[in-house]
Amino acid sequence: MASSYEKQITNIRFNQDKSCFMCCMDNGLRIYYVEPLVEKVHYDERTIGGVGFCEMVWRCNLFAIVSGGSKPKYADNSVLVYDDNLKRAVLEFTFDQPVLSVRCRKDRLVAVLKNRIHIFSFPHQPQKLFTVETKSNPLGLCELSPGNNILLVFPGSKMGSLQFMNLASTEPTVSSSPVTINAHQGELACIAINQQGNLIASASEKGTLIRVWDAQKRIPLIELRRGTDPATIFCINFSPDSDFLCCSSDKGTIHIFALKNQKLNKRSTFSKMSFLGHYVDSQWALANFTVPPECACVCAFSSNSSVVAICMDGTYHKYVFNEDGVCSRLTYDVFLEVCGDDDF
């Protein structure tokens with residue numbers, strides 16, 4: 001039954017503190033608490049239409065959507081901000097191109113288009129602060145730190161580079177000068193920022209390596225190896241205290257790495273043979289577990305010792321891990337069936 005949901009789900013994303021996740025669908029939108037797994041919000045297609053992307057503002061009553069799927073109710077060049085208390089849209093931002101992704105925090109809304117990023121003050125009396133011209137960004141890659149350090153990260157103009165900006169200024173058209181890091185040789189495929197806004201993780205379209213960067217010193221901190229075969233990385237997330245990092249890919253494996261105590265990570269048996277190059281320098285996952293292969297999913301830490309994976313086939317997986325690299329499944333569920341909706 002779960003596999004039939006994959007055709008209905010268009011996108012899944014966690015909120016800023018990973019306590020909720022949004023499930024965008026051809027026939028509406030659902031928002032769930034991660035623990036315990038409970039439906040929080042339910043909009044059907046008559047109310048909201050098909051939804052391509054959704055971004056919550058932490059756990060408050062506001063969320064932003066971009067229409068999508070096969071049954072959109074609104075144009076894909078508009079961002080609508082809904083107030084769940086009022087059950088209606090209260091703000092609308094319209095652009096001259098389709099919106100590819102949206103990022104929010106309590107004081108900013110960011111709309112990502114193919115060749116530019118618009119930054120707005122938010123939510124009271126919103127106004128455009130400035131616009132950043134970018135290289136072609138068809139994936140809509142962009143992340144906004146949720147903490148006090150207001151950091152915006154997106155692909156730079158050079159292939160494989162990261163560009164980030166400090167958005168702390170509240171004055172329109174004023175921001176710090178952008179900083180660029182040459183992160184990968186290939187095009188970027190995934191970006192993540194930790195809660196504190198001082199660490200950035202990135203992966204290229206090759207999908208074999210994840211690199212973690214110090215956002216303040218602009219230097220690489222650690223290179224993590226997902227595997228040797230190319231893969232599409234769907235998601236990277238830090239643990240709340242940034243001691244760990246997890247990632248998901250189309251290989252159907254969730255990898256968990258240690259960042260603070262890196263001795264916990266596995267190493268290549270050839271790591272002492274320096275003539276073999278960087279391949280043996282990177283660190284392998286401390287632990288991993290599997291989900292349905294080739295099914296897109298997102299993953300995040302529900303605590304510092306447990307990881308949840310939410311899959312596009314409608315399944316929910318929760319595993320606990322220890323420092324020995326042992327993973328044990330705690331929970332499996334089909335989250336779209338949790339609400340008991342008559343449609344299913």
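Is aspartate 44 buried, exposed or partly exposed? At 21% relative accessibility, aspartate 44 counts as partly exposed, and the views below place this residue beside other paired residues of a predicted model.

**View 1. Aspartate 44 and arginine 46 meet through their side chains.** The two residues form a salt bridge in which nitrogen and oxygen come to 2.7 Å. While aspartate 44 is partly exposed, arginine 46 counts as exposed, with a relative accessibility of 70%.

**View 2. Glutamate 35 forms a salt bridge with lysine 318.** The closest N and O atoms of this pair are 1.9 Å apart. Because glutamate 35 lies in the loop between strands S3 and S4 whereas lysine 318 belongs to strand S28, the contact ties together parts that are 283 residues apart in sequence. Glutamate 35 is partly exposed at 39% relative accessibility, but lysine 318 is buried, at 12%.

**View 3. Strands S19 and S20 run antiparallel and are joined by six bridges.** Leucine 209 stands opposite arginine 225 of S20, and in the hairpin, which has four residues between the strands, arginine 218 takes a positive phi near 65°. A salt bridge connects glutamate 223 with arginine 211, their closest N and O atoms being 2.9 Å apart. Since glutamate 223 is in S20 and arginine 211 in S19, this pair ties together parts 12 residues apart in sequence.

**View 4. Strands S11 and S12 pair in the antiparallel sense over five bridges.** Isoleucine 119 has phenylalanine 130 in S12 as its bridge partner. Six residues lie between the strands of this hairpin, where glutamine 125 takes a positive phi near 45°.

Key:
Residues are numbered from 1 along each chain as its sequence is written. This is a predicted model: local features need pLDDT of at least 70, side-chain atom pairs count only at pLDDT 80 or more; totals for chains, interfaces and linings use all residues. Side-chain values use heavy atoms; hydrogens and water are left out. Two strands pair if DSSP finds at least two bridges between them. Helices (H or I, at least four residues) and strands (E, at least two) are DSSP runs, numbered from the N terminus. A salt bridge is a side-chain nitrogen of Lys or Arg within 4 Å of a carboxyl oxygen of Asp or Glu. Buried means under 20% relative accessible area, exposed over 50%, partly exposed in between (1.4 Å probe, protein chains only).
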